[in-house]
Amino acid sequence: MRCPLPDEYIDIHTHNSSVADGIFAIENIMAHEDRSPGNFEGRLCTYGIHPWHLTEQNAGSLIESVLRFSSEDNVIAIGEAGFDKLRGPAMELQRATFEKQAIISEERKKPMFIHCVRAWDELFQVMKRIKPRMPWMVHGFRSHPMMADQLVAKGLYLSFWVEFVIRPESSVLLRSVPRERIFLETDGAPVAIADIYGKAAADLDLNISELRQLIAGNFDKFFNTCR
């Protein structure tokens, strides 16, 4: 596994990465898509079932796909997997499918990347039930500091939603989260990760180099593989 260099920007979650100097991007592949980790040979990926694309009819085949591809060397995390009360199938199916992916995460010893919309109680219930040893990260986070506190207290990391973190009102939330639990992402949006780092660095009273070093350290701790 290639680890990020000190002068690289880590884009922890994107859907359309391309090889670019100075950017260390982790590509998210969803199990329903017509692509696989093999399409990204030499680059790092996450692989999982997004609740938007889950149905009673495809749940079994998608889990089989996660079981198959999660053992690939360039798949470094399971997900994005999770819950969504605004879009997706019945919550019981979402819960069962998420729990199966969480178990795969434990068996493969790979972390979880999580999508969660208005379903924090469901997330916490699964976490309490399986007591994961692998770290979990909520991607696209844009809730309030109180929820951030609850997630961090349970050991989770947070990656901030790109369209939120560049807004002025995100500063209070960003400053409220322990720095050692922060990641940044583009999520496939047409925004440069360097611009996201610039806004976050200003909010945190850091220079760009300091923020890159901070997030590289978080990466090392989350994946426990690098330095």
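A cavity is defined here, on a 1 Å grid over the protein atoms alone, as a set of points where a 1.4 Å probe fits but cannot get out, and a pocket as an open set with protein on both sides within 12 Å along at least five of seven lines; lining residues have an atom within 4 Å of a point. Grid points are joined across faces, edges and corners, and a volume is the space filled by probe spheres set on the points. The structure is a predicted model, in which local features need pLDDT of at least 70 and side-chain atom pairs count only at pLDDT 80 or more, whereas totals for chains, interfaces and linings use all residues. Residues are numbered from 1 along each chain as its sequence is written, and side-chain values use heavy atoms, with hydrogens and water left out.

The structure holds 1 cavity of 30 Å³ or more. The volume of the largest cavity is about 30 Å³, and its lining consists of Ile49, His50, Pro51, Leu54, Gly82, Gln94, Thr97, Phe98 and Gln101. Helices (H or I, at least four residues) and strands (E, at least two) are DSSP runs, numbered from the N terminus. Helix 2 (residues 91–108) gives the most to this lining, with 4 residues. For classification, Ala, Val, Leu, Ile, Met, Phe, Trp, Tyr, Cys and Pro count as nonpolar, Asp, Glu, Lys and Arg as charged, and the others, Gly among them, as polar. The cavity lining has 4 nonpolar, 5 polar and no charged residues.

Strand 4 (75–84), strand 5 (112–117) and strand 6 (136–141) each supply at least two lining residues, and strand 6 provides the largest share, 4 residues. The lining of the largest pocket divides into 9 nonpolar, 7 polar and 5 charged residues.

Strand 6 also holds His139. At 7% relative accessibility, His139 counts as buried (under 20% relative accessible area; exposed is over 50%, and partly exposed in between, with a 1.4 Å probe and protein chains only). Leaving aside neighbours within four places in sequence, His139 is in contact (heavy atoms within 4.5 Å) with His13, Glu80, Ile114, His115, Ser159, Glu185 and Asp187.

A nonpolar core is a set of buried Ala, Val, Leu, Ile, Met, Phe, Trp, Tyr and Cys residues joined through side-chain atoms within 4.5 Å. In the largest such core, of 75 residues, Leu123, Trp136, Phe141, Leu151, Phe160, Leu184 and Leu211 touch the most other members. Helix 8 (residues 208–223) contributes the largest share of this core, 7 residues. Beyond its neighbours within four places in sequence, Leu151 is in contact with Trp120, Leu123, Phe124, Val138, Phe141, Leu156 and Leu158.

Leu151 is one of the buried residues of helix 4 (residues 145–153), together with Met147, Ala148 and Val152. These residues lie on the same side of helix 4 because they cover an arc of only 135 degrees around the axis, the arc being that of the directions from the helix axis to the C-beta atoms. Met146 and Ala153 are exposed on the other side. The buried residues of helix 4 pack against helix 3 (120–130), strand 6, strand 7 (157–160) and helix 6 (170–176). Just after helix 4, Gly155 takes a positive phi of about 95 degrees.
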